[in-house]
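This report describes selected local features of one chain. The structure is shown first, and the notes follow by topic.

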Amino acid sequence: MKESRAVKIDQEISKLKDDLNHVEGSTTEVYARIVGYYRSVKNWNIGKKEEYKERVPFSKIEKETEVLVEELSPVTDKIINDITSINSKKISRYSYFYRTSCPNCPAMKDVLNQLSLDGEEINVDMETGMEAASEDLVFAAPTVIFRSSKGEEIFRTGHPGDVIDLFKLESVSA
């Protein structure tokens with residue numbers, strides 16, 4: 001009895017799969033927004049069609065960004081709130097992330113040139129620089145990360161004024 005029922009179910013599934021292979025319908029036309037107006041995707045060139053396949057909905061990006069911001073917020077808040085309590089003598093080196101087209105980066109570099117610390121300059125316009133920025137979760141230029149002799153991050157900022165305050169430097173005019 002059970003076997004005949006199982007056979008009937010298998011036959012029904014097989015019939016449904018066969019029906020599924022013969023479904024007929026009309027082609028759906030997809031429109032996407034490009035620079036403020038909508039256009040049918042089927043009229044796009046090959047390169048644009050390939051790019052369309054790689055697109056990600058904003059809702060997915062927003063969720064990933066929210067998680068990342070939540071993970072970073074406690075660290076960032078702690079660093080910003082503790083700027084007056086940072087012992088600059090524990091800082092032994094820095095990593096300076098900059099862009100060649102950044103209007104604010106030269107002012108930061110002028111301030112960093114006053115320090116007697118070892119430092120590395122990382123151009124995020126280069127592929128290797130972008131990889132280094134990703135590893136250190138740097139999202140803006142300029143950004144300076146100050147580290148201890150053990151390589152631990154002590155402080156990060158994008159404002160030359162913070163560096164001046166931290167190391168009690170004389171202000172530099174840009």
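## Strand 2 and Ser40

Leaving aside neighbours within four places in sequence, Ser40 is in contact with Glu29, Val30 and Tyr31, where contact means heavy atoms within 4.5 Å. Ser40 is placed in strand 2, residues 37-40; helices (H or I, at least four residues) and strands (E, at least two) are DSSP runs, numbered from the N terminus. With a relative accessible area of 4%, Ser40 is buried. Buried means under 20% relative accessible area, exposed over 50%, and partly exposed in between (1.4 Å probe, protein chains only).

## Basis of the model

The model is predicted: local features need pLDDT of at least 70 and side-chain atom pairs count only at pLDDT 80 or more, while totals for chains, interfaces and linings use all residues. Residues are numbered from 1 along each chain as its sequence is written, and side-chain values use heavy atoms, with hydrogens and water left out.

## Nonpolar cores

A nonpolar core is a set of buried Ala, Val, Leu, Ile, Met, Phe, Trp, Tyr and Cys residues joined through side-chain atoms within 4.5 Å. The largest such core has 18 residues, and Leu112, Phe146, Val163 and Phe167 touch the most other members. At least two residues of this core come from each of strand 3 (93-98), helix 4 (105-112), strand 5 (143-147) and helix 6 (160-167). A second, separate core has 6 residues, including Ile122, Ala133, Val138 and Ile145.

Not counting residues up to four places away in sequence, Phe167 touches Ser88, Ile91, Leu115, Leu117 and Phe146. Phe167 is buried, at a relative accessible area of 17%.

## Aromatic pairs

A pair of aromatic rings is described by the distance of the centres and the angle of the planes. Rings of Phe, Tyr and Trp (its six-membered ring) pair if their centres lie within 6.5 Å; planes under 30 degrees apart count as stacked, over 60 as edge-to-face and the rest as tilted. By this rule there are 5 aromatic pairs. One of them is the stacked pair of Phe146 and Phe155, at 6.1 Å centre to centre with 15 degrees between the planes. Phe146 is buried at 0% relative accessibility, and Phe155 is buried at a relative accessible area of 2%.

Phe146 and Phe167 have ring centres 5.4 Å apart and planes at 55 degrees, so this pair is tilted. The pair links distant parts of the chain, with Phe146 in strand 5 and Phe167 in helix 6, 21 residues apart. Tyr94, Phe146, Phe155 and Phe167 form one aromatic cluster.

## A charge over a ring

Lys48 lies over the face of Trp44, 5.8 Å from the ring centre. The rule requires NZ of Lys or CZ of Arg within 6 Å of the ring centre and within 35 degrees of the ring normal.

## Loops on either side of strand 5

The loop between helix 5 (127-135) and strand 5 holds Pro142. The peptide bond from Ala141 to Pro142 is cis, with omega near 0 degrees. Leu137 also lies in the loop between helix 5 and strand 5. Although not a glycine, Leu137 has a positive phi of about 55 degrees, and at 33% relative accessibility Leu137 is partly exposed.

Ser148 is found in the loop between strand 5 and strand 6 (153-157). Ser148 is buried, with 9% relative accessible area. Not counting residues up to four places away in sequence, Ser148 touches Lys90, Ser92, Arg93 and Ile154.
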